[in-house]
Each structure stands twice: as C-alpha cells, then as structure tokens.
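Visitor: I would like to learn how to read a model, feature by feature. Please give me the general idea each time, then the case at hand.

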Amino acid sequence: MTIDQFKPLTVYTIYIASTPEKVWQALTSAEFSRQYFFGNAVEVEPRLGGAFTVRTPDGAVHISGEVLAYDPPRKLAVTFNVNWPALIEKLGPTLVTYEIEQVGDAVRLTMSEGHDRPLSDDILAGGRSGWPAILSSLKSLLETGQPLVVKVGPPQRMLDALKAMGIKVP
C-alpha cells in the first residue's frame, strides 16, 4: 500500500500558537491524545510500516492502521481503518495525513483524509463532523492547556448510508 493510491477528499488547515514538536507530540502521544480525542488514545509505532492504533477509553481497538510516512515533526501519514471489517471491505482503506509547518510564531497543521476510491458525501459526513471537533480541541489544548468539551453525536447521516449499503454498524 502506498500514499499515491489515495486521493484527499477532506482537508482541514488550522493555525496553532505552538511549536511543530509540541504538535507532533500531541498527534502521536496516547497520554496527550486522550485529552482532545474524545478520550481515545493514539498509539504510533515510530517507524515506516509501524502500527497505528486508536483505543477507546476502555482500551478496545477502535481504529488500526499502518504508518506510511513518518518524518517528525513534519509529516505523519497512516492508514486509519475503523474496526468494522465490512466497512473496510466495501469502502476500502482510509489514509489520514498530518502536515506540520512552522509559519512565523505559529504552526500550520493540515489534516487530510484520503481514500482509494470515490465515496459519497453521506459517507464522508462522518469524518467531516468529527475532525473539526478533534482538531479544535487539539488547538485549544495546545494554546490554553484545556481541551474543548465538544458534544458530537453519532454521525447519523454516515451511519444511515452505511446501513443502506448493507454494512453492519454498532
């Protein structure tokens, strides 16, 4: 699997009053990510081909993948596959890429979600509702020491689209 097979379908860019090193740590540290990622712990094996895992607060594996780009503190790209086998089978893998750039006294963080095939806006609605809350909370935590408390409900539009495709969802 290579990065070139994915086309970004969702892209967010934010500016954070921080350093690239602190943003990198926030994106790759389980301890840090629990604070801004709805209690989920991000685990990154620090090498190309290493494991990428997101665990729910109870320790269950929710998302797993592989590190496809690892260039601290500038770029991290991982496959980002929700632990629903039917979803991967029908929708293919997801690629999440973080690019971190120093811009003056701030950091520009660009997050993209790419796929290896076209997906409907209904399917993409799930990530498009969750990523802004996650990235906003990350920004708040780095700038103020406090994450945002954002209540995001289940991505019903995406769940309905998955059900219509015959994909069993929890």
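**Reading the features**

Guide: Lys139 is partly exposed, with 26% relative accessibility. The scale runs from buried (under 20% relative accessible area) to exposed (over 50%), with partly exposed in between, using a 1.4 Å probe and protein chains only. The areas come from the Shrake-Rupley method with a 1.4 Å probe, and for residues only the protein chains shown count as cover. This is a predicted model, where local features need pLDDT of at least 70, side-chain atom pairs count only at pLDDT 80 or more, and totals for chains, interfaces and linings use all residues. Residues are numbered from 1 along each chain as its sequence is written, and side-chain values use heavy atoms, with hydrogens and water left out.

Visitor: Which residue forms a salt bridge with Lys139?

Guide: First, the rule: a side-chain nitrogen of Lys or Arg must lie within 4 Å of a carboxyl oxygen of Asp or Glu. Here the partner is Glu143, with the closest N and O atoms 2.9 Å apart. Glu143 is partly exposed too, at 36%.

Visitor: Why are Glu143 and Lys139 separated by about one helical turn?

Guide: Because they are four residues apart in helix H4. Helices (H or I, at least four residues) and strands (E, at least two) are DSSP runs, numbered from the N terminus.

Visitor: How many salt bridges does the structure hold?

Guide: Eight. One of them joins Arg55 and Glu43, again with 2.9 Å between the closest N and O atoms. This pair links distant parts of the chain, 12 residues apart: Arg55 belongs to strand S3 (51–55), Glu43 to strand S2 (41–44). Arg55 is partly exposed at 28%, and Glu43 is partly exposed at 29%. Another salt bridge brings together the side chains of Arg117 and Asp116, at 2.8 Å from N to O. Arg117 has 32% relative accessibility and Asp116 has 27%.

Visitor: Now the empty space. How do I find it?

Guide: Rolling a probe the size of a water molecule over the atoms shows where empty space is left. On a 1 Å grid over the protein atoms alone, a cavity is a set of points where a 1.4 Å probe fits but cannot get out; a pocket is an open set with protein on both sides within 12 Å along at least five of seven lines; lining residues have an atom within 4 Å of a point. Grid points are joined across faces, edges and corners, and a volume is the space filled by probe spheres set on the points.

Visitor: How many cavities of 30 Å³ or more does that rule give?

Guide: One. The largest cavity holds about 30 Å³ of space. Its lining is made of Leu27, Tyr36, Phe37, Val42, Phe52, Phe80 and Tyr98. Sort these by type: Ala, Val, Leu, Ile, Met, Phe, Trp, Tyr, Cys and Pro count as nonpolar, Asp, Glu, Lys and Arg as charged, and the others, Gly among them, as polar. The count is seven nonpolar, no polar and no charged.

Visitor: Is Val42 buried or exposed?

Guide: Val42 is buried, at 3% relative accessibility. Val42 sits in strand S2.

Visitor: How much space lies in the largest pocket?

Guide: About 880 Å³. It has 35 lining residues, and the closest to its centre are His62, Val82, Gly126, Pro155 and Met158. Strand S4 (61–71), strand S6 (81–82), helix H3 (85–91), strand S8 (106–115), H4 and H5 each supply at least two lining residues. H4 gives the largest share, eight residues. The lining divides into 22 nonpolar, 12 polar and one charged.

Visitor: Which residues make a nonpolar surface patch?

Guide: Patches use residues with over 30% relative accessible area and no salt bridge; like charges are joined within 9 Å, and nonpolar side chains (Val, Leu, Ile, Met, Phe, Trp, Tyr) within 5 Å. Phe38, Leu148, Val150 and Val152 make one of about 310 Å². Val150 lies in the loop between helix H4 (121–144) and helix H5 (156–164), and is partly exposed at 33%. Phe38 is partly exposed at 42%, in the loop between helix H2 (30–36) and S2.

Visitor: And the backbone: what is the phi of Phe38?

Guide: It is positive, about 55°, although Phe38 is not a glycine. Check the peptide bonds as well: the one from Pro72 to Pro73 is cis, with omega near -5°. Pro73 lies in the loop between S4 and strand S5 (75–79).
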